[in-house]
Amino acid sequence: MQPDDVIDKQRKGLPIYSARKRLVKELNNRTNVILIGETGCGKTTQVPQYIYQAQLNKGLMIACTQPRRVAAITIATRVAQEMRTELGSLTGYCVRFDDCTNPQTKIKYMTDGMLLRESVLDPMLKRYSFVILDEAHERTLHTDVLFGICKRAQARRKADQRPPLKIVVMSATMDADQFSRYFQADVLYLEGRSFEVECFYTGESQPDYVYSSMVTALQIHRTRDLGEDILIFLTGEEEIEAVVKTLREVSQEQAGPKLLVYPMYSKLASEAQLRVFNSTPEKCRKCIVATNIAETSVTIAGIQHVIDSGMVKSKSYNAHSGLDVLKVSRISKAQAWQRLGRAGRISSGSCYRLYTEVEFDAFRENTIPEILRSNLASVILQLFALGVDDIKSFDFMDKPTNESVESAVQTLELLGAIDDSQNITPLGRKMSAFPLDPRMSKALISAHTNGCLEEILSIISMLSVDTAFISTRSKQQECQDAHRKFLHSEGDHLTLLNVYRSYKGSGGSKEWCSRNFLNQRNLKSAMDVRKQLKELSAQNDLVSPCSSAAPTNVIRKTLLAGYFQSIAELQVNNQYKLVIGSKTVSIHPSSALFQCKPQYLLYNELVQTSKCYMRNVSMIEETALIEVFPEPMRRKLQTPS
Ligand code: ADP
Ligand code: MG
């Protein structure tokens, strides 16, 4: 932790500081403001404080949304420190399953998904006088929907003659014109400081960009002055952890200055994330290996070399086939420039692009808004719940295609969340009360009817947190042996249930966890999540009879009640094909069923790497399929194609 006087000095040194008077005046005079300024200039940490200190919030709350939970948590932690208050009092944060605020909270950092959720309960957002939609250029699904919801809340408050709601949209880079038109707002540009960044391309394509990134980092470490830190952009946890491990090992073996390597990605525990902000000790160089979270959301001081893989992991959705796939793909030019800019914050720097200039020229100009490549079932259910019944005429900044709206509406109909005249049903309303995917909340509600609520609560909680299984490469065999005793022959969901029960049986013992190569922190979060879900269930009249354990086939059938659209069938060629979409898929190697070939499988998620993998699978009996499938799908399934 930095001393207060150092923090004060840092705050006054931020580029935004000299603009604060003008900023406060504009925020006071206008209803909507679009604020653009370089990453690191102080928007996210300072603007809410300026609003609060000038009392523009008139005693109400200031919401500042973030696309990622880590950003919400780390920034709130920093701001609480800057304001010399405890986190969770005046300044707090609210992310899924973790609300760190109290009735005194005025500055609330939250994920965009949480504000969207709150708007279902309070469509006018009455507790807030300011909503700051941060990182707007990222165009996440939830932020995009919030654009329309905030405008709607603003108009309603005006019509009701209530205190106004002000909207501030903030970003580092974006198509300011489009935002300005949509919000009918002026654009304020903050002066930034940035230095020249030299840009290098590779001579040839680098299919193994992970390897190239390590080689490049080690080369920089060998040849450049200490004090010039490195930031590597990769795509996800697995890749990042592997690179961190290798770089640490290489650095250990080498004589000379040490390379301190830190990972940075959304799912990382917050203490571990805060480590990247520590200043670099003498005779060391810092190297951060991050996902695109470091593109704009968090600013790390001292970076002078950026290594850009040119890749990002993102969702893609095909409304026609109904498939939602997570896959690694090329970034946009806008993202590439943003990544490059990370090297020029404190002095001139360099950016090593692990792709050729010709490849770069083929990148798309801008990132496609997530709303145009997502399964919309979850947000459309929320829109229905908050009373928007004509989705197609909702004021979207970029309208999703009719096809994807129709496909989402159809899913919600099959789930029973809306009726055939497209009104939300009591079931749909109940489903929208849970911070879960509609398929998951449907399974939870069915669990009540089927008498397996306790089991489904545990399974969903385990699915909502990071994996409990530790897999250390050097102790691979020991890990596998330890995990084998939890394996359930009917699939991953029941395996997760076994793990949860055993963990609970151990009394949450840390020693037991390490003996079994299980991650205690993640198991503890699963327990917290479960507690919250159980409370929510009780509030929604879902209670479990105190009966004995439910049979496993009932548990799997209950999951099917939500996931009937996610089924794969074994073909004569011994491969799996999705029942909807007909895509060829495989069981993920981490699955309990990896070596098995049941006729039918249910899965939670598809991940595209070299193959398309199903993650978290359970076997399903044909009789269960016939029983649980909604009528329209059953007809389709029974007609041979
Ligand atoms: P912006 O939103 O404009 O990108 P921020 O308000 O997030 O900028 O950050 C402003 C500055 O505050 C950063 O340049 C960084 O130096 C500092 N800062 C932000 N978060 C932390 C933190 N957790 N620890 C230390 N310094 C931080
Ligand atoms: Mg910011």
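Q: Why is Cys-452 called buried?
A: Its relative accessible area is 0%. Buried means under 20%, exposed means over 50%, and partly exposed is in between (1.4 Å probe, protein chains only). At 0%, Cys-452 is therefore buried.

Q: What kind of model is this, and how are its parts numbered?
A: It is a predicted model: local features need pLDDT of at least 70, side-chain atom pairs count only at pLDDT 80 or more, and totals for chains, interfaces and linings use all residues. Residues are numbered from 1 along each chain as its sequence is written, chains are lettered from A and ligands numbered from 1 in the order in which they are written, and side-chain values use heavy atoms, without hydrogens and water.

Q: Where does Cys-452 lie in the chain?
A: In the loop between α17 (438-450) and α18. Helices (H or I, at least four residues) and strands (E, at least two) are DSSP runs, numbered from the N terminus. Cys-452 and Ala-549 are 97 residues apart in sequence, but their C-alpha atoms are 7.5 Å apart in space.

Q: What makes Ser-458 buried?
A: Its relative accessibility is 4%. That is under 20%, so Ser-458 counts as buried. Ser-458 belongs to helix α18 (residues 453-464).

Q: How do you know that the side chain of Ser-458 makes a polar contact with Glu-454?
A: The side chain of Ser-458 reaches the backbone oxygen of Glu-454 at 3.1 Å. A polar contact is a pair of N or O atoms within 3.5 Å; within protein, one must be able to donate a hydrogen and the other to accept it, and residues adjacent in sequence count only if both atoms are side-chain atoms. The 3.1 Å is within that limit, so the contact counts.

Q: Is Thr-140 buried or exposed?
A: Buried, because its relative accessible area is 12%. Thr-140 sits in the loop between β6 (128-133) and α6 (141-159).

Q: Why is the pair of Trp-337 and Phe-360 called edge-to-face?
A: The ring centres are 5.5 Å apart and the planes are at 85°. Rings of Phe, Tyr and Trp (its six-membered ring) pair if their centres lie within 6.5 Å; planes under 30 degrees apart count as stacked, over 60 as edge-to-face and the rest as tilted.

Q: What makes Trp-337 partly exposed and Phe-360 buried?
A: Trp-337 has a relative accessible area of 44%. That lies between 20% and 50%, so Trp-337 is partly exposed. Phe-360 has 5%, so Phe-360 is buried.

Q: How do you know that the charged end of Arg-353 sits over the ring of Phe-360?
A: It is 4.6 Å from the ring centre. The rule asks for NZ of Lys or CZ of Arg within 6 Å of the ring centre and within 35 degrees of the ring normal. The charged end of Lys-151 also sits over a ring, that of Tyr-182, 3.8 Å from its centre.

Q: Which residues form one aromatic cluster with Phe-360?
A: Tyr-201, Trp-337, Tyr-355 and Phe-363.

Q: Which backbone atoms lie 2.6 Å and 2.9 Å from an oxygen atom of ligand 1?
A: A backbone N or O atom of Gly-40 lies at 2.6 Å. One of Gly-42 lies at 2.9 Å.
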